[in-house]
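Try each task before you read its solution.

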Amino acid sequence: MNSTGSTQVAKLQDIKEKKPRSLQSFPAKVFHWLNIISLTVMLMSGLQIYNANPVFGGREGWHIPQFFLLGGWLAGGRHWHFAAMWVFLLNLVWYGIYVLVTQRWQHRFVGGNDLKALQIGKNPKRKIYAWHRIVYTSVIPILLLALFTGLGMYKPAQFPWIVECFGDWFALRVVHFASVPLVIGFAIAHSLLSLKVGGERLVNSMLWDEML
Amino acid sequence: MAEELNSQNPINRRNLLRLSGYSLGGMLVSGSVLTLAESLAGKATEPLNQKVEELLLKPQTPVPEFPVSAIEPNALIINTYDFTPNINLNEFRLVVDGEVNNPLSLDLPTIQKMSKKSMVIRHVCVEGWAAIVQWGGVPLRELIQLAQPKPGVEYAYFISADRYYESWDLASCLHPQTVLAYEKNGAPLPLDNGAPLRLASPIKLGYKLSKWVVQVTLVSKLLPRRGFWEDQSYEWFAGL
C-alpha cells in the first residue's frame, strides 16, 4: 500500500472514531505561535524603546503607560527587542521557504478567486472568507516592512539607502512605529474574521489541536 | 490525554481558561522572572548581534556623507551622564598611551595642525533620535599610527574629563570617519558638545562617542569595566 493510501485509511478511521483532524498543518501552527510570541515581545519592548524618546513630541511627548512595556528601561527593552527579532526573522525565513517548497503560496493566500467572490459572488459566507484571506495575507508585507524599517534604524550606516527610501530619519521612525497599530489592528480583525469564518473549530485548529 | 482534551469544545474553553490562569500567575511573578529572562535574552543574543555587526562593518569604506545643506542644527540633543567638566585649555593635553611604542601627550595647537577630516554625517542616539551634524577633527587613526601600537592591540579605552569612560574595537577606531572632533557645524566645538575634543563617527551609536576626551589607551584585552553605560547592560559594540 502506498503512503497516500495509508493516509486515506487513517483519515477514514478518524471519521469513524469522530476524531476531528486538524485543519492546519503542523508547520503552519508553529509559525503562527512563534509569530504571536515574538510579535508580542517585539511590540512591548519596542514601546519601551519608544518611551526613551517618543517618536511624536520627543521627550515632552506622550509616553506609553508602563503596563504595555517590557524591559524596565531602554537597555532592557533593546535586549528583548533584538532577541525576539531573531525568532521573528528566522521564523519568517523558514516559513517563506516552506510555503515556496510546498507550493502552499498558490492556494493558502489571497488569490483571484477571492477577488472574484467579492466582486461578482453571491455567497455571503464566501465573501467573508475572501476578506479573511485578504487580511491574513496582508500581514506578510506588514511584517516584512517592519523588518525592513527596523534594519534601516538598527544599521543606518551600513544601509543608508533604506533610510533614503523613506526620505529622512523621522519618516523612517514613523513607518517603523506604524507596525504597532498595524499589527494590533491586524490581530483584532484576524481574530474576529477567523471566528466568523470557521468558529471555534477553526480557531482551535490553528491554536490548540494536536499542540497540547 | 491530549486527544481527550481536544475532542470537545468545552474542554478547549477550559484549556483557554487554564492558559489565562497561567498568564495571570505569570504576571504576578513576572517582576523577578522577567529580569532574569531579560538578562538571559540579552546575554544569549548579544554575542550573535555583535558577530553580525562586525560582519556588517566595512572597516575601510566610508559611510556616504551629506551635503552641508542637510545639517540639522537644532536636532542634536545634549546628553550627559552627569556634569559638564571645567577644562583649562592652556593646560589641556591629549594623552595616547597603553601598549604603544611612542606614547603621546599633545596640546591643542599641535592636534589642530595635524591633518583634518571634515564630514557631514548622521549622529544616531540609542534613544531613537538622530541629527545630521558636521564634525571636523583629527582622524583617530592618525593619532594611533603616531603612537605606534604594539602587536596584539585590539581595543581602545577613551577616558573623559567628566570621568565618563568607553571602549572600542580597534577596527572601528581605524575607520576613516572616526575622528576626535574640535569643530561642529563649521564653528569651534561648543563646551556642551564636548570641547575641546570629542569622538565623532557615523559607525557608532551616540553613547560610544565620548565628549571631553583626555586620554586614549590602547590595550590588547578588555577590562571588566567596558564603558559607563555598557556596565549597566547597554550593548558594547553598538555599531550602526
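Two strands pair if DSSP finds at least two bridges between them. Helices (H or I, at least four residues) and strands (E, at least two) are DSSP runs, numbered from the N terminus. This is a predicted model, where local features need pLDDT of at least 70, side-chain atom pairs count only at pLDDT 80 or more, and totals for chains, interfaces and linings use all residues. Residues are numbered from 1 along each chain as its sequence is written, chains are lettered from A and ligands numbered from 1 in the order in which they are written, and side-chain values use heavy atoms, leaving out hydrogens and water.

**Exercise 1.** Find the strands that pair with strand 7 of chain B (residues 179–184).

Solution. Start with strand 4 (residues 130–139) of chain B: 5 bridges tie it to strand 7, antiparallel. Here Val138(B) sits opposite Leu180(B).

Next, strand 9 (residues 198–200) of chain B runs antiparallel to strand 7 over 3 bridges, with Leu180(B) facing Leu199(B).

Then take strand 8 (residues 187–188) of chain B, antiparallel to strand 7 with 2 bridges. Strands 7 and 8 of chain B make a hairpin with 2 residues between them, and Asn185(B) in the turn has a positive phi of about 50°.

**Exercise 2.** Work out which residues of helix 4 (residues 140–147) of chain B are buried, and where they lie around the axis.

Solution. Buried means under 20% relative accessible area (1.4 Å probe, protein chains only). Leu140(B), Leu143(B), Ile144(B) and Ala147(B) qualify.

Technical notes: Buried means under 20% relative accessible area, exposed over 50%, partly exposed in between (1.4 Å probe, protein chains only). The arc is that of the directions from the helix axis to the C-beta atoms.
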